[in-house]
Structure formats: structure tokens, C-alpha cells
Amino acid sequence: MPIEIRRAAVADAETVLTLLLELAAHQGQQQYVHSTAGDWRRFLGREDVIVLLAEVDGESAGYVSSLRRPYLWGGGDQLALDDLYVRAQHRDSGLGRRLMLALAKEALPDRLPIAWGLQLENTAGYRFYERLGARLVTKTAASWSPDVYAGLLEQDG
């Protein structure tokens, strides 16, 4: 099967959104996805947003997305990996590894570290990333919604 991994273009916005929605459904987190195809057209037009699409026989099979951003502790930039997703029928085929290595090729010219979060219960993900040689550190992610902090600011006047 011919496999192609390429950088997503603005014209791929619908495809990327479809894959993102599949990932969210797989994780039971659809309620948190609010982005639209229009949002993705804007994102994919930005240099700091890197989305790589994997296609098998011309059909979308998965993607990896990341954002180049300042890494204040390191004194330079890093790639913040947002999502790695491979459709069920392509899992255990090496496609996830190929997507990660394609992202590494994007990072290598500037020697950017790549960082990401991982859910504690994702044991398969832990094994996958360990096989790539990633250093895994347990850390809790926190988020603060505008509705919550706006309410606090309103209370404090």
C-alpha cells in the first residue's frame, strides 16, 4: 500500500477536522471540540501550525498536529504536539511511528524539542512513546475556562 505523509494545506481543513472529531469521539471528548472548518483553514495557513496528514492509497489514515511556540525554559522554541491519531484500520501498522518521525523531520533543522501530554490511562500510548525513546514524566494538566475566571474577576471587581 502506498503511504504518503505530507503537510496539510488550507484545502485539507475539512479532512483535518473530520480526523480531529474522530479522535475526540474515540476519547469520549467530543463536547470539547468547538473548532470549525473555517478555523482550520486559518490554522493551516499559519507557519507555526504544523499538521501532517498520512494517506494510504490516497485515503486519509491519520494525522499529527503541533504548534511551534516559545519554550521559555529552554530559551528557544519547541514543537508542542497536540494530537497524534491513526484510524482504527491502520493502527499497529507502523503509521503512528511514521507520523512521529515525519514530525521529527520538521523539528530537526532547528533542533526543536517536541513535547506533549498523555492521559494516564492510555497505557498503549505510554508503550508506543517509550518505544520511540520518549522520556515520560507524570504531570497533571490544568485548564481554566474564560467563563470561570471571568466570574472570579467580576467578583473581585
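Predicted model: local features only at pLDDT ≥ 70, side-chain atom pairs only at ≥ 80, totals over all residues.
Local features are described where pLDDT is at least 70, side-chain atom pairs count only at pLDDT 80 or more, and totals for chains, interfaces and linings use all residues. Residues are numbered from 1 along each chain as its sequence is written, and side-chain values use heavy atoms, with hydrogens and water left out.

The sheet comes first. Helices (H or I, at least four residues) and strands (E, at least two) are DSSP runs, numbered from the N terminus. Five strands make up an open sheet in the order β1-β2-β3-β4-β5, and the pairing is mixed; two strands count as paired if DSSP finds at least two bridges between them. At the edges sit β1 and β5, each of which pairs on one side only. β1 and β2 run antiparallel and are joined by five bridges, with E4 standing opposite E55 in β2. Next along, β2 and β3 are also antiparallel, this time over eight bridges, and L53 has Y63 of β3 as its bridge partner. The hairpin of these two strands has two residues between them, and D57 takes a positive phi near 50 degrees there. At the other end of the sheet, β4 and β5 pair in the parallel sense over two bridges, and L79 stands opposite I114 in β5.

β2 is well tucked away. Eight of its eight residues are buried, so the strand is largely enclosed by the rest of the structure. Here, buried means under 20% relative accessible area, exposed means over 50%, and partly exposed is in between (1.4 Å probe, protein chains only). Both faces of β2 are covered: one side carries V49, V51, L53 and E55, the other I50, L52, A54 and V56, and all are buried. Helix α1 (residues 13-26) lies across β2, β3 and β4, running at about 90 degrees to β3. For that angle, axes are lines fitted to C-alpha atoms, for helices over the stretch in contact, and angles run from 0 to 180 degrees between N-to-C directions.

S66, in strand β3, is also buried, with a relative accessible area of 4%. Leaving aside neighbours within four places in sequence, S66 is in contact (heavy atoms within 4.5 Å) with D48, V49, I50, L79, A80, L81, D82 and L103.

Then there is α3. At 1.5 Å a residue, the 13 residues of this helix (residues 95-107) should span 18 Å, and its end C-alpha atoms are 19 Å apart, which agrees. The expected span is 1.5 Å times one less than the number of residues. Buried in α3 are L95, G96, L99, M100, A102, L103 and A107. These cover an arc of only 155 degrees around the axis, which puts them on the same side of α3; the arc is that of the directions from the helix axis to the C-beta atoms. The buried residues of α3 pack against β1 (3-7), β2 (49-56), β3 (59-71), β4 (76-86), β5 (114-115) and α4 (123-131).

As for the cores, a nonpolar core is a set of buried Ala, Val, Leu, Ile, Met, Phe, Trp, Tyr and Cys residues joined through side-chain atoms within 4.5 Å. In the largest one, which has 19 residues, L52, V64, L84, L99 and L103 touch the most other members. Two or more residues each come from β2, β3, β4, α3 and α4, and α3 gives the largest share, six residues. A second, separate core of 15 residues includes A13, V16, V51 and L53.
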